[in-house]
Amino acid sequence: MPVSMIKQTITALGIAILGSCRDLAPIVVVIAVFQVIILRQPFPAFFSIAMGLGLVVVGLALFVVGLDIGLFPLGEALAEEFARKGSLTWLLVFSFMLGSGTTVAEPALIAITREGALAVSDAGLIPRTQASITGYALGVRLTVAVSVGAAIVIGVLRILRGWPLPYFILGGYGMVMLMTLFAPKEIIGLAYDLGGVTTSTVTVPLVTALGVGLARTIRGRDPLTDGFGLIALASLTPMIFVMVYGLVMH
């Protein structure tokens, strides 16, 4: 690695650490005010908490720098190469695999599907065995992954064709409301929450870079008006797909 690149990375990391401290400061102040002034209690395990906050600051900084120097350029470069090759089929296949693959790896999705499977088991909808709980959680994860992959494909087609985003958002939420009327009540809350946690630390950087890279490469497209919106679609489709999954399973 060139020395100049190392210096740039260290500088970017220092700036990111300062930014992380600034971003976390309001949270720390709120907690400190309520703990000391309202509750009038000392901080339990103060040094452990301080060390944890320090690790959070460093982790956030590393994450931001990693996005800037790695994931964002990679996603934009891939999108631009696919656009230049002019192969719609492979672009759509790549979009689906990118959306599905990144979603399966989302830590928040893994956590909430596991808790959802436990809740469904407690409600008596599936047997209270480890195999049933694991299988149900995996089924929900795969359903969400497929739904995000489908959403990214639709979003890429929207960018290529220049279709208005509001039509997809309004139509999609109309389908969500319709599915809410028919889906089992036990699955509705889980479906709505999954729509929120699906797009997180792994999915957002690459999907955003894909949309912006495509819009920047294709003539007549504006990265600001056409390049964004993929994340909104990726948050919308899991609610529909999970409620369909609930209808099939329950």
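1. Asp122 is exposed, with a relative accessible area of 54%; exposed means over 50% relative accessible area, buried under 20%, and partly exposed in between, with a 1.4 Å probe and protein chains only. The side chain of Asp122 meets that of Arg128 in a salt bridge, at 3.2 Å from N to O. A salt bridge here is a side-chain nitrogen of Lys or Arg within 4 Å of a carboxyl oxygen of Asp or Glu. Arg128 is exposed as well, at 65%.

2. On sources: this is a predicted model, in which local features need pLDDT of at least 70 and side-chain atom pairs count only at pLDDT 80 or more, while totals for chains, interfaces and linings use all residues. Residues are numbered from 1 along each chain as its sequence is written, and side-chain values use heavy atoms, with hydrogens and water left out.

3. The structure holds 2 salt bridges. Besides the pair in point 1, Arg22 and Asp23 are joined through their side chains at 3.5 Å, N to O. Arg22 counts as exposed, with 59% relative accessibility.

4. The protein chain has 9 helices and 0 strands. Helices (H or I, at least four residues) and strands (E, at least two) are DSSP runs, numbered from the N terminus. The C-alpha trace spans about 55 × 55 × 35 Å along its principal axes. Of the 250 residues, 36% count as buried. Among contacts with a separation of 6 or more, 79% are between residues 24 or more positions apart; contact means heavy atoms within 4.5 Å.

5. The accessible surface of the protein chain comes to about 13,900 Å², and carbon and sulfur atoms hold 73% of that. Areas come from the Shrake-Rupley method with a 1.4 Å probe; for residues, only the protein chains shown count as cover. Val29, Val30, Val33, Phe34, Val36, Ile37, Ile38 and Leu39 form a nonpolar patch on the surface, with about 740 Å² of accessible area together. Patches take residues with over 30% relative accessible area and no salt bridge, joining like charges within 9 Å and nonpolar side chains (Val, Leu, Ile, Met, Phe, Trp, Tyr) within 5 Å. Val29 lies in helix H1, residues 3–38.

6. Helix H6 runs over residues 165–182, which is 18 residues, and reaches 26 Å from its first C-alpha to its last, close to the 26 Å expected at 1.5 Å a residue. The expected span is 1.5 Å times one less than the number of residues. Gly172, Val176 and Met179 of H6 are buried. These residues are on the same side of H6 because they cover an arc of only 70° around the axis, the arc being that of the directions from the helix axis to the C-beta atoms. Tyr167, Leu170 and Leu181, on the other side of H6, are exposed. The cover over the buried residues of H6 includes helix H7 (185–197) and helix H9 (230–249).

7. Which residues does Thr237 contact, leaving aside its neighbours within four places in sequence? They are Ser147, Val148 and Ala151. Thr237 sits in helix H9 and counts as buried at 12% relative accessibility.

8. Ala209 belongs to helix H8, residues 203–217, and is buried at 1% relative accessibility. Not counting residues up to four places away in sequence, Ala209 touches Leu71, Phe72, Gly75, Glu76 and Ala79. Ala209 and Glu76 are 133 residues apart in sequence, yet their C-alpha atoms are 4.9 Å apart in space.
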